[in-house]
Amino acid sequence: KSEMAQGFIIPDSAVVRGTNGLPQVWVKVSPERFPAATIRSFQLNGARTLVDAGITEGDRVLITGAELVNQIR
């Protein structure tokens, strides 16, 4: 029996590791304001990740430059 996973597919480049070692993404909430959201994710292939917890529909996830934001935090 196979189960169908539900969530959001995002590029691997959007997922970074927080200081606690957990995967997270940066969510744009206003100009130049990107709070971190800890996520639960599953690797789909070498380029995409399925996120099934931690973000919701309508969240604007930083895709390009996520690693750079992670370095300055």
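Visitor: In which strand is the place of T49?

Guide: T49 has its place in strand β6, and please keep in mind as we read that this is a predicted model.

Visitor: Is T49 buried or exposed?

Guide: A residue counts as buried when its relative accessible area is under 20%. T49 has a relative accessible area of 5%, so T49 is buried.

Visitor: Which strands pair with β6, and in what sense do they run?

Guide: Strand β1, residues 8–11, runs antiparallel to strand β6, residues 48–53, and four bridges join the two; within this pairing, I9 stands opposite L50. Strand β5, residues 40–43, also pairs with β6 in the antiparallel sense, over four bridges, and here S41 has V51 as its bridge partner. β5 and β6 form a hairpin, with four residues between them.

Visitor: How should I think about the side chains along a strand?

Guide: In a regular strand, the side chains alternate between the two faces of the sheet.

Visitor: Which residues make up the largest nonpolar core?

Guide: The general idea is that nonpolar side chains tend to be buried together in soluble globular proteins. In this model the largest nonpolar core has nine residues in all, namely I10, A14, V25, V27, A37, I39, V51, I55 and V61. Apart from that core lies another, of six residues, among them W26, F34, L62 and A66.

Visitor: What does V27 touch?

Guide: Not counting residues up to four places away in sequence, V27 touches R33, F34, P35, A37, I55, D59 and R60.

Visitor: What is the phi of E32, and where is the place of this residue?

Guide: Most residues other than glycine have a negative phi. E32 has a positive phi of about 65 degrees, although E32 is not a glycine, and its place is in the loop between β3 (23–28) and β4 (36–38).

Visitor: Why does E32 count as exposed?

Guide: The cut-off for exposed is a relative accessible area over 50%, and E32 counts as exposed because its relative accessibility is 78%.

Technical notes. Residues numbered from 1 in each chain as written. Predicted model: local features only at pLDDT ≥ 70, side-chain atom pairs only at ≥ 80, totals over all residues. Heavy atoms only, no water. Pairing = 2+ DSSP bridges. Buried < 20%, exposed > 50% of the residue type's maximum accessible area, 1.4 Å probe, protein only. Core = buried A, V, L, I, M, F, W, Y, C linked by side-chain atoms within 4.5 Å. Contact = heavy atoms within 4.5 Å.
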